[in-house]
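These are my notebook entries on one chain.

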Amino acid sequence: MKWSKYLLGVAATFFLSFSHAEIQPDNPFPRVKMVTSMGDIVVELNRDAAPLTVKNFFRYVKKAQYNGTIFHRLVPGFVIQGGGYDKNFQDKPSYEKIVNESGNGLKNEYGTIAMAREREPHSGTRQFFFNLNDNTSLNPDDGDWGYAVFGRIVEGVEVLEAMAELESQAYSDDIGWADVPVDPPTLKRIEVVPQN
């Protein structure tokens, strides 16, 4: 009995240590692997430039709340967006809105990941998008808020390129969505990449 309790204690300690290591609280550039239905994409996040956005993103990752979501918006040559809906296009629950960090010096360039939002600048929650071009129109300009970039693809850019080639169509007259992939890619899960 004592031995089994000891083993359970060791296992619990290991699990807690491993979980803590996964979050990498003092790593300014943590990496995550997005396992999608079209392949894996590794993204390096920039905690130095976008601390609030990265913290918010990790909050959803830790709770596995991106698992099974789809990339629901694809505008060729512009962006592919996801993280907010399941395969039935049902809205996923969100935490509170976060402050827009678009003035952090990071640009909406090809292969970067940025926070999606509504018209109101501080309205981002859980949705994100990948830039499929150098989208200067999404950067802050003359005091106008832009869209906060918080990382970039470091592996799997070919997966992004394949997604960019998918066909899009209008989803529903009731919802009024344009540019929805005919067969939306699924974000199966997001894993934190261990780093030394």
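This is a predicted model: local features need pLDDT of at least 70, side-chain atom pairs count only at pLDDT 80 or more; totals for chains, interfaces and linings use all residues.

**Entry 1: conventions.** I call a residue buried under 20% relative accessible area, exposed over 50%, and partly exposed in between, with a 1.4 Å probe and protein chains only. Residues are numbered from 1 along each chain as its sequence is written, and side-chain values use heavy atoms, with hydrogens and water left out. I take helices (H or I, at least four residues) and strands (E, at least two) as DSSP runs, numbered from the N terminus.

**Entry 2: salt bridges.** I counted a salt bridge where a side-chain nitrogen of Lys or Arg lies within 4 Å of a carboxyl oxygen of Asp or Glu. This rule gives five salt bridges. I looked up Glu44 and found it paired with Arg31, with 3.1 Å between the closest N and O atoms. Glu44 belongs to strand S2 (residues 39-45) and Arg31 to strand S1 (residues 31-36), so this pair ties together parts 13 residues apart in sequence. Glu44 counts as buried at 14% relative accessibility, whereas Arg31 is partly exposed at 23%.

Glu44 also forms a salt bridge with Arg152, where the closest N and O atoms are 3.2 Å apart. Here the link is between distant parts of the chain, from S2 to strand S7 (residues 149-155), 108 residues apart. Arg152 is partly exposed, at 41% relative accessibility.

I then checked Arg189, which bridges to Glu191 at 2.7 Å between the closest N and O atoms. Both partners are partly exposed: Arg189 at 37% and Glu191 at 27%. Through shared partners, salt bridges join Arg31, Glu44 and Arg152 into one network.

**Entry 3: nonpolar cores.** I defined a nonpolar core as a set of buried Ala, Val, Leu, Ile, Met, Phe, Trp, Tyr and Cys residues joined through side-chain atoms within 4.5 Å. Which residues have the most contacts inside the largest core? They are Met34, Val43, Phe57, Phe128, Phe130 and Phe150, in a core of 30 residues. Helix H2 (residues 51-62) gives the largest share of this core, five residues. Another core lies apart from it and has six residues, among them Ala114, Ala116, Leu138 and Val149.

**Entry 4: strand S5.** In S5 (residues 112-115), I found Thr112 and Ala114 pointing one way and Ile113 and Met115 the other, all of them buried. In a regular strand, side chains alternate between the two faces of the sheet. I counted two strands as paired if DSSP finds at least two bridges between them. S5 runs antiparallel to S7, joined by three bridges, and Thr112 stands opposite Arg152. S5 also pairs with strand S6 (residues 128-131), antiparallel over three bridges; there the partner of Ile113 is Phe130.

**Entry 5: the largest pocket.** On a 1 Å grid over the protein atoms alone, I took a pocket as an open set of points where a 1.4 Å probe fits, with protein on both sides within 12 Å along at least five of seven lines; lining residues have an atom within 4 Å of a point. Of the 26 lining residues, the closest to the centre are Gln81, Ala116, Arg117, Glu118 and Gln127. Strand S4 (79-86) is one of the elements giving two or more residues to the lining, and its four residues are the largest share.
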